[in-house]
Amino acid sequence: MSLSNIFIVILICCSSLIHNVVCIDYGTALTKSLLFFEAQRSGRLPSNQRADWRGDSALKDGQDVGVDLVGGYYDAGDNLKLGFPMAFTITMLSWSTIEFKNKLEEKNELENALSAIKWGTDYLMKAHQQPNTLYGEIGDPDSDHQCWERPEDMDTPRTSYKIDEQHPGSDLAAETAAALAAASIAFRSVDKNYASSMLLHAIQLFDFANNYQGIYHNSITPAAKTYSSSGYKDELVWAAAWLHRASRLKKYLDYLGGAGDTGGARTMFNWDDKYVGAQILVAKLILEGDVESSDNWAKYKANAEQFICSCAQKSNQNFQKTPGGLLWFQPWNNNQYVSTATFAMSTYSQYLSAKQVSLQCSGGNLSPSDLKSLVQAQVDYILGSNPKQMSYMIGYGSNYPQQVHHRGASIISIKKDKSPVACKDGFDKWFNKIEPNPNILEGAVVSPDQNDGFTDNRNDYQLAEPTIVSVAPLVGVLAYLA
């Protein structure tokens, strides 16, 4: 960037600040969003680890079943490894990287995005060592949540839970298939052998999910306390859509075309409900002329567009907004739904732009640039342009929450003090401290309430606990805007 261009940016920012509007740097936010995944790593950390307050952890995972299950990600502010949200995280990181590869390259973040994906896919493939067996959870929610300790000190039970032919979990297996199929596309131009290995796992996992049907938390019962599933039909069509895109095999297209349930109009897109994602992937096929806009295919596209129109306040079923303008879906960690909604709009904007067409909603037409403006407004809110003038991304800007609900971030780094923090000691010494966390969990995202309010309180796991599922779609959205 030339000095004159930098001067123009500074002038724009200064002008914005005078008018009480926060100046947003999407490139910096993108960098931080990828840093968050390094802070969530489980296992033996690499020499190029950038979240350097973290140390190695959970190095014996899988020993109870004689399988190496070291690695992967902790899902949130606890020390659990939960396969269902982890797989969705990898699917969305991969989709972000596929759709916005050029922007990630431009911002020198493509390598970091691929590293974030690979940390997850390495683990997911370890967890799938036989065609019809998949390990889907490490750790027990009850014992884990009774303790407040760093992952490096963790001494709670690390029970390994799996699904198999006798104990099925179509939602978990199909989501893992989607993750590995999407990741295979992201890695195809970087490492063909690795991409091929992932695709083989994905094909096996889809067959497992389809042939042995059932809800995963009926087999991995502790999962019902954390990420219970509402069904598996959405994961099956979502996985089929990704496997078709990765393999171009007609059988996956046939599965999508013959699906009895295309989802209808959805009210959210998240780790539990993937229909919107599948609908958007099919809509792309229609826009590109790969399938005809008829029968089931037309339903997918119409429902995808209904969701986007509702986000844009251009349908007869518009989604709610807070008084300050943030899309409102659910009281628990609402920004996870804003993250996926903005990703849906960003991606669809690109698809429309490639065909030079607009989206026709019942409340009026939306051009690709209209969609981009809507996405920008939502992201700007998250990054500080909101009634509290607070960034809900930790480490971004000068005013962000200091006491997020996160064990590792809230306890002094093991690099600074190696004295073990025992299970209950963490509550007295760290959790109950009304002081900023000693470690900045850069890139983590938390949420305001329905009235744009937020109290910086470590005890508020509903609004102040960050999750990997919230940030993965934002990687793509921030790349799109950067």
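**Close-up views of a predicted model**

The count comes to five cavities of 30 Å³ or more. A cavity here is a set of points on a 1 Å grid over the protein atoms alone where a 1.4 Å probe fits but cannot get out. Grid points are joined across faces, edges and corners, and a volume is the space filled by probe spheres set on the points. This is a predicted model, in which local features need pLDDT of at least 70 and side-chain atom pairs count only at pLDDT 80 or more, while totals for chains, interfaces and linings use all residues. Residues are numbered from 1 along each chain as its sequence is written, and side-chain values use heavy atoms, with hydrogens and water left out.

**View 1. The largest cavity and its lining.** This cavity has a volume of about 70 Å³. The lining has six nonpolar, four polar and no charged residues. In this sorting, Ala, Val, Leu, Ile, Met, Phe, Trp, Tyr, Cys and Pro count as nonpolar, Asp, Glu, Lys and Arg as charged, and the others, Gly among them, as polar.

**View 2. Ile394 and its neighbours.** You can find Ile394 in the loop between α14 (368-382) and α15 (407-410); helices are DSSP runs (H or I, at least four residues) and strands are too (E, at least two), numbered from the N terminus. Ile394 counts as buried because its relative accessibility is 3% (buried is under 20%, exposed over 50%, partly exposed in between, with a 1.4 Å probe and protein chains only). Leaving out residues up to four places away in sequence, Ile394 touches several residues, including Val404, Ile440 and Val446 (contact means heavy atoms within 4.5 Å).

**View 3. The second largest cavity.** Here lies about 50 Å³ of space. Arg54, Tyr74, Asp78 and His406 are among the lining residues, which divide into four nonpolar, five polar and three charged.

**View 4. Trp332 and Tyr461, an aromatic pair.** The whole structure holds 28 aromatic pairs (ring centres of Phe, Tyr and Trp, its six-membered ring, within 6.5 Å; planes under 30 degrees apart are stacked, over 60 edge-to-face, the rest tilted). Trp332 and Tyr461 are tilted, at 5.6 Å centre to centre and 45° between the planes. Trp332 lies in the loop between β5 (327-328) and α13 (335-355) and Tyr461 in the loop between α16 (425-431) and α17 (468-481), so the pair ties together parts 129 residues apart in sequence.

Definitions and conventions: On a 1 Å grid over the protein atoms alone, a cavity is a set of points where a 1.4 Å probe fits but cannot get out, and a pocket is an open set with protein on both sides within 12 Å along at least five of seven lines; lining residues have an atom within 4 Å of a point.
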